[in-house]
Each structure stands twice: as structure tokens, then as C-alpha cells.
Amino acid sequence: MNQAAISATIWPIAFFPLLGALLAYVLGRKERDWAGIIATAASALSFLWVVKLVWALPEAHYFEDQLFQWISLADLKVDFTFRVDQLSAVMCMVVTGVGTLIHLYSTAYMHEDEGRHRFFAYLNLFMFSMLLLVLGGNLMVLFIGWEGVGLCSYLLIGFWFKNLAYAAAGRKAFVVNRIGDAGFLLGIFLLLHLVGTTDFVALQPAIMSGNVALGTDFYTLVALCLFVGACGKSAQIPLFVWLPDAMAGPTPVSALIHAATMVTAGVYMLARMGFLFVLAPAALAVVLVVAVATAFVAATTALTQYDIKKVLAYSTVSQLGFMFMAAAAGAFWVAIFHVVTHAFFKACLFLGAGSVIHGCHHEQDMRHMGGLYKKMPITCITYGVSVLAIAGIFFFSGYQSKHAILGALEHWHNPHLKEWIEYILILVKFTAFLTAFYMTRSFVMTFLGEYRGHAHPHESPWPMTVPLIVLAVLGAFGGLALSGSLGFSLEHYLAALNFGAAAEHHHESIAAALINSWTGLLGVGLAFVMYTQLKELPGMFLRLVPPLSKLLSGKYYFDELYGAIIVRPLEGLAAFLWKVVDQGMIDGMVNGTAAFVDATGELRRITQTGQLRYYALMLFGATVFFIIFYYVL
Amino acid sequence: MSEFPLLSSIVFLPLVGAILLYLFPGFGPRQDPESRAVRAFSMVVTLITFVLSLLLWGGFNPQNTGYQFVENKIWLPSFGITYHVGLDGISLFLVLLTTFLMPIVVLASNSVEKKVRGYLASMLVLQSAMLGTLVALDMFLFYIFWELMLAPMYFIIGVWGGKRRIYAALKFVLYTVFGSVLMLVGIFYLVWAYYQQHGVVTFGLESLARFNGLSVQEEVWLFAAFALAFCIKVPVFPFHTWLPDAHVEAPTGGSVVLAGVMLKMGLYGLIRLAYPLFPRAAELFTPYLAGLAVIGVVYGAMVAWAQKDIKKLVAYSSVSHLGYCVLGFVAFNTVSAAGSIYQMLNHGISTGALFLLVGVLYDRRHTREISEYGGLAARVPIFAFLFLVFTLSSIALPLTNGFIGEFLILAGSFQELPGFTIVAVAGVVLGAVYMLTLYMKTMYGEIDEAKNGALTDVSMRELVTFAPLLALVFIMGIYPKPFLNALEPTIKNYIRVVEERRQMLKSSAPMRTRQVAEDQAADEKISSVSDKSKTALDALIVKRSKV
């Protein structure tokens, strides 16, 4: 943010959804249908305000809105400040734009749900928190949003709370995120301790000037702490286990929170703190390893899933890995680029899945779908377009961003992992191929062939199809539009994110682009053939290597592993501490002392008869005894 | 001083109210003891007390770092005991917390079915004792109020408590008395030592806090005696096992007062007495206190997780939360100490509210077993909403009050005690685990119609009880400035005074130490004995002549 500030009115962007949440709940209690209208309107108003600001935002400037001083104590000063720079502008556009479409979609999707006033209130509250996150002018306001979106995620995953498994999934999401947040907090403490501020505008020069006597180790430490936070929110290994379970929430929630916006908050945070990360090459190497591992593990897990939402969930985890790869290479604008294109096509895919689930009367298993292209043409086409986009096939949007990620990795100039980068690239390309493969698999199983279910599938109403069409168009052409081909270059727009790294400029012919799409084309083609023509082949593959197929369908047994080495031992420890230490040892000692006093008291009681004559006798005896003791002996 | 004794009025108004409750014929024995009049009268008394205490805040000058609203009257001159009360930024907010919670407790007394008059009278006496402890600037006065807190709470638990109330009440009293007896010995030793040097008997806190005649050895013993008393009260691990029993057996109002205010007295004692009086020992004890505090944070959270009784869970969560407060204070910088005070207020609000919520359930179902509930969110949505908000406040979600306190404590402590703080951060995760597990098990899932089908949502009266707490959760989370502004100068000054005194004591060997050393050297010589008694006699004569 090393640019000039212009003061502007930013708070309404966040305020509309907050007000919307209150009104949707209060008025929605009386008339359920109002909730959706209010919430959608609030989100749309917020979007319009964003457009208005972004339109007026001059190059190399940012808007600032100082609201009030939140915390002020000794040296600790935290202002409640909103800022819109180019990075926030991009994020706000995505959050409010895609958010509004998903609100509109939800009005139809949640049409029959008794608790939809609650749903829309939470959804708007989520928008509020997410906007705090991307508008916050310092890490603290960002953190408010950060935990706020975690809360809304918790509430929405467990929205159908009568199902205890869903509620447990919400709790899991919150707790796992909290582990990340603990790391995030430590990062904040370190920054406060050694730099004294978390304000981005003040932090950047303080860090980049290098005159702080902090050293690389400090940067690495802070960067790793913050990355732990990002791992939680953006579902990276080892903290990704909550995201697949988060599919318990209503599908629009999965689209908005667990695909398009909230889970990209970690990527946003890395980009926002990019000036710190580029000074910590060791931390970036860690980010790369985690990102590549996550992308690969999630992609392979997605291969064997039958629940359409689970496929998309693992795909999201995998794609988030791709975003972090770009960030690890220092190409933060590329990471944001993929955040944007991913928001388009993944939101479309999730909403498409929602449309299918809605059309098939709450069927999520792809084995009971098939042939839906006849019954749900719009859903089918939009889903197909998005599959091509995520597969990274030219000209669809996923191609541009994924290609940029690979380009960034090819120019890896980090001394760490330098000799490994070629092998890593092969793994990444293989993962990209897998992405194309499993997404095509999901498309074929859902839309092609014969219908295998027992419901009566039907196309969804217009509030659901319109967002699908809009997102599909964005997913198709969004990449081209942002990559400079149509006069707007995201790279140029986000130039402030180039911390020292020189921008690579490369123009390629369409033929070259098609050739570069080979991983995607191969994946799509192979899956298409395997799942339409050679239907026995996938099963044969899995039977060939039983342990592998078991590992994949068992999702690498992360949940089982964590259960065995963390959750159950801790539960056991808790019970032990209570029963043995607290009740047994500590209270045992306390009660033991009491019992001892009680018992010896019984002995002494023999002397306490309460009879005056007895006491007088004792007194007399004692006196005689002492007189004899002193004077006679 | 011809001014209106505002502080004393606030302290003694509840006591007078308690007496009137018994004397005033309208509440006499012929009246129905459960009459609304008793409750209404107590309500009026506590509300007036609260309004008066708001005047304190209004008249409080944050820039004046000394004690304010001071009243200093000679009480027992021959023992150097004065009636000396005053207020600084730290005690101001604890006084406000007390006066704020009491009307809520009175409002929540509807669930008390027997001997309402005795119950509310005990509460009012308790309030006076608590307020007195918070404003006392004379050690003797402090001790009297400190001990006076015990009796009414003993009755509240022992008479209006649950099945094992006698055991819990006795345990509570014995634990506390054990600590405070040691403190009493310490007080007398300190006063005696002061008398040895200055020839004046005084219990005045300000004089004793300037006393420089203690050896480090003596400081350590005295600090240990004081700290033990206070650690039991907080309670700091491993002196906490009275707390779960007391909470489980206490009636709702008793739990609210116990968690809301009384636990803070322990830490307040450390702040007001132990640290200023024995600064060098305090420094030596810091790693141990911080260690116990951090163990308390994690241990309390872990044990809370294992609980099957809602109230016990909340009680153990108190051990965890108070651990944060102790850590923040002993880390001893402005941010962490202010966070500690702030967190004490937060804990009073959020844990007080959680106990009230447990009370709401208990009134309806007469059980506190977690397994007896489940799926309540569908049946009692307003209750579920309140429960959620106070849960979030308890687990320190940003924009609730809990976050400000926890953040200040951890951010501040991190600068002084990074190792301890990193462990304490684990509590941030564990807090979410046990609270959300409790929330899930009680509020989510299918409702058991046979057991909870007839459950009714919070009544209007209950809603009124929760409303002020709910408002404070957000006010203190979004705009903590008025609180922090009033706290900051006091705390800065407090830390400066203690640290300067510590430096001063370190740099100059105290006079009486030298004297003691000389005494020891001369012990073999019989002649010095007469010298010693001579000095003591001289001192006595000097004192007599002064009087």
C-alpha cells in the first residue's frame, strides 16, 4: 500500500449486509419470504457501493475511511480503519458480486426451508465479516473478519442443526480454524512486539526498509505463524480436514463460503502481507511444499468420491493449493488471479451441483444421477463450461490463471528448493491433469448416460439459472478479460503486489496456448473416454492396486489419524485430569486433610465433655502439675 | 472533609438495606416471606447503589492517579486502625461490576423458593462486604471486609444450595479461612516490623507500602502467605477444587456473585496488597505464578471439557479464564495488566450470564446434566441465541468483550513472558472445544420430546435480566475506549510505583535488615539483649508520647 491515501466513505459496504442480517432475521420471523429479498438487496447495495468506489479509484492511490479508535492502550493503538486499494477492490468485487448472485440463487434454493430467515441473516452476516476481512486497514480488523467468517461458517455448516452430524461438522470447522487462528494471533503478537503496529500502511515500509533490527529469522517466524492461520482458513494440510465435512451446510453456503470467498481469505492475507513473505524465503518454501502436497492429496482423493459435493470440496482444497503455489513463488497477483477465476467457475460448479441436488430431490450421490443433460440443460451447459475452465483449457478462465501459476513456478528464484523445482513442477502438472480428469468424471457421471435415480429431475427456476449463466460466462471469459487481452490487465492493476520481483511479459499465440492446455485436454479426454466408453476401466484400475484405492477412498485416513493421535488422547487426558488428578489427587488430599482433622478431632473430643466440673478438675490438675514442674523438680 | 461520603454510602447502603429488610415492619415475620415486597425492596436498594456507583464513574478523574473519593477517619487509634477508603481506576471498575451485577442477581432470585428474605439479606450483606474489600485502604479494614464476605456466602450455599450444599459450603469456608489466617499472620508480622522500625503501629496501606525495612527473606515469606490466601480465592491451580463444588451447589444468584465478583477478590488482593507491599518477592514469584496461571488456563479448559454437568463445566471454565487474568497481571506491563482487569469484568459478565442461563434451564427441568438436554435450539430459540452470544463472548470472539480482554492479556504478556504466553494461547483453542461441545450437545440435535418437549423459552423477566449483560458484551467489545481510558493512567502509575519501589529496595539494603544482622551477630553477647530491649522500650516510649 505504498501509495497515496484519499479519504472516502467505505463503511456502507460492510454496513448494508450487517443491517440486512438484522432486518432479515427480525422481519423474516414474521414473513419468511422477506428474509431472502432483504438479504439479496443488502448484498446488491453493497456491490453497487463497491462498484462506485472501484470506478473512482485512481491508479496508485487507495481510499481510506477512519472510523474510530478501537483499542488504545499505552503503545498499542488499533484503529478501526477501512481501506480500498487495488487488492481490496478486486476482493470486494468478487465477494459482493458473486455473493449477490448466490443470495439470489438462495432465494429459490431455500424456498421451502422453515428457517430461511436464519439462513439469510447468517449469510448477510457472513458478507459483513468477509468485507471486514478484505477492507480492514490493519491485521486486527482483518482478524475480526477472519474470526467472524469462521463463526458464520460454523453457523451455516450446522444450519440444519437437528442432524447432530452436521452440527459436529460445524464445530470441527470452528475448532480447526481456531488452531490456525492461534498461530495467526502469535504472528500478530510478534509483529506488535517487534514492530509495534499491525497497520498495513505503517507495516510495509517498516518491514521493507530492513532497518528494523529483526533479521530474516524474525520474518520467517512471523510469516510461518501467519501461514498457520492461512492453513486453517484456506484448508491446507494439515488443517484441511474441516472443509470436506463443511459440505453439510446448504449448497449455496458451500458455493459462497467454502469455495468462492472465505477459504480464499488465507491467500488474500498472504498477498496482503506479501512484503513480509518475500523477505522470508524459507517460509515461502514451506508454503510451496504445503501447497503442492495439499493440491496433490486433495486431487487424488477427489478421484474416488461419489458425493458430488465432496468431489467439489476436495477440488476446492486442491485449487487453494494452486493459489498458495503462486504466492509461494512470490507471484501474489497470480494467486489473486486464480482466486478470482476460481470464484467464478467453482461457484458455478457448486451452484450447478446445488441445482442438480435440488432437481433430484436431495440426491447427492453421482451413482444415482446420470443423463441429466436432457432434464436440466442450462445446469448441464454451465457446469460443463466450468469444468473446462477448471481443467485449464484455453480460452476458459482457468487456463489463464493456471498457466500463470506454472509460469511463476518456472521462474522460482528462491534459494530453497531450487534443485527440486523441476520435479515439483512435474507433480503440479500431474495434479492439473488429475483436476481435469476428476472434474470430467463428475460431469459425465452426473449429466451423461442414462438416468440411474428414482426421482423426477427438473430444471431449476430462474433465480437459480440466472446466476449459473452469469457465472458460466465469467468462468469462460473472465480469464481473458483480466489477462490483458481485452485492455484490462489484472497484473498491471495489482502492480503494487510485485514486491521487487520483475514482472514477466509473455505473449503467446493461440496455437501455443492450446498446446499449453495439454494437461487439461488430456485429463478431460481420458476421463471422457473412460467414463463414457470404457466403463469398466476405472474399476479395473482401482482393483489393480487395492491398497492405493483403499487409501484414496479412505481419504488418506487423515480424520482417523487425527482421531487416534490427537483427539482421543486429548479426550482421555481430559478425563484423566478430571477423575484422577482433580478428584483423586488434589481433592483427595483436601478431603484427606479434612478426614484427618476430623479423626483426630474425635480423639480430642473425649476431653471436651462440656461439663464444668470436669474442666475445673483439669484446670486444677494442670496447675498442680505446673507448680510441681517448676518449683519441685 | 465536609463532602458527602459517597463511597461509604455505596459500601454501606446494601448493609443498611439488609438490616431494614429485617427491621421494617412491612417485611416482618407475619408477612409472607416470599412477598414481592422483599424482592422489590432489595431491587430498589441495589439499583440505588448502582446509580450511586455510576456517580463515582462520572466524578472519577482518570488523569488523577492517586486514590479518589478518599475518606480517612481514625477508627481505633490505639491500634493505628483507620477507616480509610478510596478508589482508583482498578477498584472503580470492580465496584461498578459489583453494583451492576447485584440488581441482576436480585432479579434472578425468583427461582429461590424458601426464605427469600434471608437470601436477599445475605446478598446485600455480601455486597457491602465485597464493596468494602474493594475500597479499603487500611489492612485491618480490608481484612474485616474480606472475612465478612465469607459468612453470607456460606449461608447462601449452605441454606439455599443443592443436595451436597453443606459439604460445599464447608469446603468453601475452610479453604478460604485456611488462606486468610495465614494472611492475617502476615499482616500482623508486617505491622510489627513496621512498628519495629518506625515506632508507630499502623495498618494504613499507604504507609505500609512505603515501608522499606523488610529483608528479601521476610518479603518472600510474607508474600507467600498473602499470595496463598489470594490464590485460593482466585482460584489458582491447584487450589481450585472448592470452586466446582461451591458452584454446583450454590443457587444461581450465588454462582453469579461467586464467579462474577468474589473470584476477582483474590487477584485484587494480589494487586492491592501483595505486589505493592512486597515488590521484590513479587518479582521472584512471577515465574511460579505465571506457571500456575498457565497451567490453570490449560488444565481448567481440559477438565471443563470432561464435565457432564453444565454448571461444573462453566465453573472449570472460570479456572481457565482466571488463569488468563493472573497471567496478564503478573506479566506486569500496562497492556497485559489492563487486559487482566478488563478480562475480570468480562468474566463477570459472560460467566455470570452463563450461570444465569444454566439457572433458566435448571428452574424448568431441575437437572444440570448435559445428557438430559439436546436439540433445544428448535424449542427455545431466544434462549439458544443468548446462549450463543455468551458462549462466543466466553471464547473471545472479536467484537465481543472477551476478545479485548484476552487479546490485551496475551499481546501484553507475550512481551514479558513469551514462553508462558504461547502455552496460554492453546487455551484459545481449548476454550472453543469445550464451549462449542457444550453448545452442540445441549442446543443441537433432535429434541427429546418426552424430556424437553414442554420447555418454554425465556420469560420477559428473564429477558430483562439478560438484556444489560447482552448489551455490555457488544459495547465492551466494540468500543472499549471509555473503560481503557479510565484504566490506563492508574495502571501505568501503579506499575511505575511498584517498579520504582522494587528498584529502591534493591539498591539500598533496608535499615532493619542491617539491624537484624547486627542483632544476630550480637546474639551471643548477653549485653546486647538489654540493648535490644532498650530500643524496643525507647520505641514504645516514643510512641506513647506521640499518642
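## Two crossing helices

A crossing of two helices is left-handed if the near helix is turned anticlockwise from the far one by less than a right angle, and right-handed if clockwise. In this predicted model, the crossing of α19(A) and α23(A) is right-handed. Helices here are DSSP runs (H or I, at least four residues), numbered from the N terminus.

Helix α19 covers residues 421-447 of chain A, and α23 covers residues 518-532. They pack at an angle of about 35 degrees, with axes 7 Å apart. Axes are lines fitted to C-alpha atoms over the stretch in contact, and angles run from 0 to 180 degrees between N-to-C directions. Residues are in contact if their C-beta atoms, placed from the backbone, lie within 7 Å. Among those meeting are Phe433(A) and Phe437(A) in α19(A), and Leu522(A) and Phe528(A) in α23(A).

## Where the chains touch

The contact takes 39 residues from chain B and 37 from chain A. On the side of chain B, the largest share, nine residues, comes from α18(B).

## Helix α1 of chain A

Buried residues of α1(A) include Ile13(A), Phe16(A) and Leu23(A). Buried means that 20 or more other C-beta atoms lie within 10 Å of a residue's own. Their cover includes α2, α3 and α4 of chain A.

## Reading the model

Local features need pLDDT of at least 70, side-chain atom pairs count only at pLDDT 80 or more, and totals for chains, interfaces and linings use all residues. Residues are numbered from 1 along each chain as its sequence is written, and chains are lettered from A in the order in which they are written.

Technical notes. Helices (H or I, at least four residues) and strands (E, at least two) are DSSP runs, numbered from the N terminus. Two residues are in contact if their C-beta atoms, placed from the backbone, lie within 7 Å. A residue is buried if 20 or more other C-beta atoms lie within 10 Å of its own, exposed if 12 or fewer, and partly exposed in between; C-beta atoms are placed from the backbone.
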